[in-house]
Amino acid sequence: MCGIVGYVGTRNAQPLLMEGIRRLEYRGYDSAGIATLSSGNLDIRKTAGRIEGLDALLVRKLVEGTVGISHTRWATHGAPTTVNAHPHTDESGSIALVHNGIIENWDVLRTKLTELGHEFLTETDTEVLCHLIEEAFEGNLEHAVAAALLQVEGTYGIAVISDKDPDKIVAARMGSPLLVGVSEHGGETYLASDVAAILDQTRKVVYLDDGELAVLTREGHEIIRLSDWESHGTSRPIEKEVNHVSWDLDRIERGGYEHFMLKEIFEQPTTIEDAMRGRLLEEDGTAKLGGLHELADVLGNVERIVITACGTSWHAALVGEYMLEQYARIPVEVEYASEFRYREPVIPPNTLVIAISQSGETADTLAAMREARKRGAPVMGIVNSVGSTIARETDGGVYTHSGPEIGVASTKAFTGQLMVLAMFTLFMARRHGMSLLRGREIVAAMKRLPALVERALEQEEQVNRIAELYAEHSNFLYLGRSYSFPVALEGALKLKEISYIHAEGYPAAEMKHGPIALIDDQMPVVFVAPTDSVYTKVLSNIEEVKARGGQVIAVVSEENTDLAGKADHVIPVPSTITMLQPILASVSLQLLAYRIAVLRGCDVDKPRNLAKSVTVE
């Protein structure tokens with residue numbers, strides 16, 4: 001979602017800040033801005049629209065200064081206009097602030113401040129923070145920020161500078177990610193909401209936790225807890241671990257591909273192999289997942305699993321449900337995190353909760369995870385982002401090792417999640433009575449998978465030809481049964497995310513209970529139909545569609561010749577064991593959605609209204 005970058009040092013801040021927010025464009029945004037301090041003067045530029053518009057403002061008049069903050073905004077309160085863009089200021093124009101998140105009691109605070117004589121210029125909740133800080137300011141910026149935040153309800157990641165207390169940035173976090181970048185050479189300190197923004201400057205980072213405030217100067221950083229401040233009116237700095245970021249900058253470059261999404265689709269043979277690296281024990285027919293050591297006793301007594309997630313991760317969770325129930329024989333429920341957090345969920349003893357999130361910062365998934373822990377359940381995380389909040393707060397977990405994913409519509413992170421769920425299933429199944437022979441067969445199939453994904457990707461030209469025929473259609477239906485039902489959901493989501501075509505996924509048998517009314521010669525129907533235990537049932541569903549004039553695109557096992565005369569178009573994928581087949585089918589549907597979106601002229605990597613990491617409700 002929104003992006004924050006900050007710098008305090010000896011160099012001109014503007015180029016560093018602008019490059020930083022460019023690297024955060026993939027998160028989704030609709031306005032951008034920058035504020036710097038130079039010779040005691042605060043200079044602010046901002047604009048609605050893309051960063052290119054902000055560049056144009058800076059070309060006309062350069063911003064100078066060695067302290068600064070920048071921001072990309074994804075609108076929540078107030079339209080995406082220049083006035084509502086960040087940074088915002090207080091009434092005197094001495095304080096500049098950028099903010100990710102939502103202030104839930106902003107209207108109450110705004111009324112209170114208005115009664116004190118404050119006048120507001122924007123429609124945003126964020127502007128309230130600036131006025132609160134102004135009201136509390138007595139010469140020390142961090143004291144004023146702490147006093148202001150103690151009145152706030154909601155979520156925030158903020159960065160604040162002031163010409164009345166220059167040469168520092170004050171930052172704070174509650175529910176919205178922030179990290180401090182530690183200079184490799186000294187004399188400067190960085191701030192970012194995502195490590196990608198500062199990776200070309202430093203690989204040493206400190207992750208802020210909820211309720212922490214940081215003061216950044218040229219000499220380094222200090223971190224305090226707001227709870228200590230509330231109790232004592234001051235706080236001693238706390239020591240935090242400095243983490244080293246291992247992945248390379250070239251992993252967030254396009255590398256010659258037309259779009260990041262296409263690059264990430266074609267990276268999947270490698271990322272799937274990375275997810276398995278060092279984790280498969282062929283001789284023992286199982287998987288070794290080092291992040292689960294702390295959960296060893298829990299996993300030995302699990303009687304029920306609840307998986308909570310949002311969006312694409314929720315689709316991965318549905319596949320995981322099929323895997324775990326079929327192979328490990330453990331009852332599984334999959335919950336939308338946004339619903340789980342507001343219900344009164346029943347979590348009996350010996351229930352394991354699994355939270356899945358690509359970013360590890362998804363607001364609803366975090367809240368659901370915390371609700372589960374509050375109710376006494378142990379929580380396991382499956383995330384891609386090292387050092388993310390879910391990774392730090394769960395009792396144990398597994399990284400997908402997919403590397404940075406820049407395209408907003410998830411591809412390699414999704415298949416990475418499926419791979420981790422498959423390995424976790426194998427691990428649990430072997431503990432619940434699966435034979436050594438069967439375990440070895442699954443390990444062998446997993447090891448063959450990267451090569452099979454390569455073969456699926458070789459169908460790109462055939463997929464492209466199909467895309468050319470259907471790119472102008474307005475509605476698609478995706479159908480599948482058993483493991484292929486979640487794949488159909490994910491295929492439909494990919495298409496609607498990046499091409500803006502209405503698409504729905506259904507269990508194929510449910511088509512007769514309503515959606516069949518939509519089928520005519522203008523309705524492409526995508527069937528996910530590998531040769532599995534429900535294949536003959538899916539054949540019947542295809543016949544039903546053809547009888548009503550529907551156009552059928554079938555994703556089938558490559559040895560299948562049954563559908564040559566029944567489907568209008570066939571996309572063959574290699575065959576593998578049942579639990580891994582969704583990965584191969586998903587790759588083909590990713591290619592289809594991508595090419596249709598390109599043909600429609602859509603911004604594939606940055607689709608409208610979407611954000612990569614949804615850190616607000």
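## Basis of the model

The model is predicted, so that local features need pLDDT of at least 70 and side-chain atom pairs count only at pLDDT 80 or more, while totals for chains, interfaces and linings use all residues. Residues are numbered from 1 along each chain as its sequence is written, and side-chain values use heavy atoms, with hydrogens and water left out.

## Helix α12

Helices (H or I, at least four residues) and strands (E, at least two) are DSSP runs, numbered from the N terminus. Helix α12 covers residues 363–374, and its 12 residues should span 16 Å at 1.5 Å a residue, which agrees with the 16 Å between its end C-alpha atoms; the expected span is 1.5 Å times one less than the number of residues.

Nine of the 12 residues of α12 are buried, and the helix is mostly covered, where buried means under 20% relative accessible area, exposed over 50% and partly exposed in between, with a 1.4 Å probe and protein chains only. Among the buried residues of α12 are Leu-366, Met-369 and Glu-371. The buried residues of α12 pack against β17 (304–309), α11 (337–340), β19 (351–357), β20 (379–383) and α13 (389–393), and contact here means heavy atoms within 4.5 Å. α12 is followed by Gly-376, whose phi is positive, near 90°.

## Two pairs of packed helices

Two packed helices are described by the angle between their axes and the distance between the axes. Axes are lines fitted to C-alpha atoms, for helices over the stretch in contact, and angles run from 0 to 180 degrees between N-to-C directions. Angles under 35 degrees count as roughly parallel, over 145 as roughly antiparallel, 65 to 115 as roughly perpendicular and the rest as oblique.

The axes of α4 (residues 126–136) and α5 (residues 141–149) come within 8 Å and cross at roughly 120°, and the two helices are therefore oblique to each other. In this contact, Leu-129, Leu-132, Ile-133 and Ala-136 of α4 meet Leu-141, Ala-144, Val-145, Ala-147, Ala-148 and Leu-149 of α5. By class, the contact of α4 with α5 has 10 nonpolar, no polar and no charged residues, where Ala, Val, Leu, Ile, Met, Phe, Trp, Tyr, Cys and Pro count as nonpolar, Asp, Glu, Lys and Arg as charged, and the others, Gly among them, as polar.

Helix α14 (residues 412–431) and helix α19 (residues 581–599) pack at an angle of about 175°, with their axes 10 Å apart, and this makes α14 roughly antiparallel to α19. Here Phe-414, Thr-415, Leu-418 and Met-419 in α14 meet Pro-582, Ile-583, Ser-586 and Gln-590 in α19, and by class this contact has five nonpolar, three polar and no charged residues.

## Backbone features in loops

Most residues other than glycine have a negative phi, and most peptide bonds are trans. The peptide bond from His-86 to Pro-87, however, is cis, with omega near 5°, and Pro-87 lies in the loop between β4 (67–73) and β5 (88–89).

Asp-167 has a positive phi of about 65° although it is not a glycine; Asp-167 is found in the loop between β7 (156–162) and β8 (169–174) and is partly exposed, with a relative accessible area of 39%. Tyr-500, in the loop between α17 (484–499) and β23 (502–507), has a positive phi near 65°, and at 26% relative accessibility Tyr-500 counts as partly exposed.
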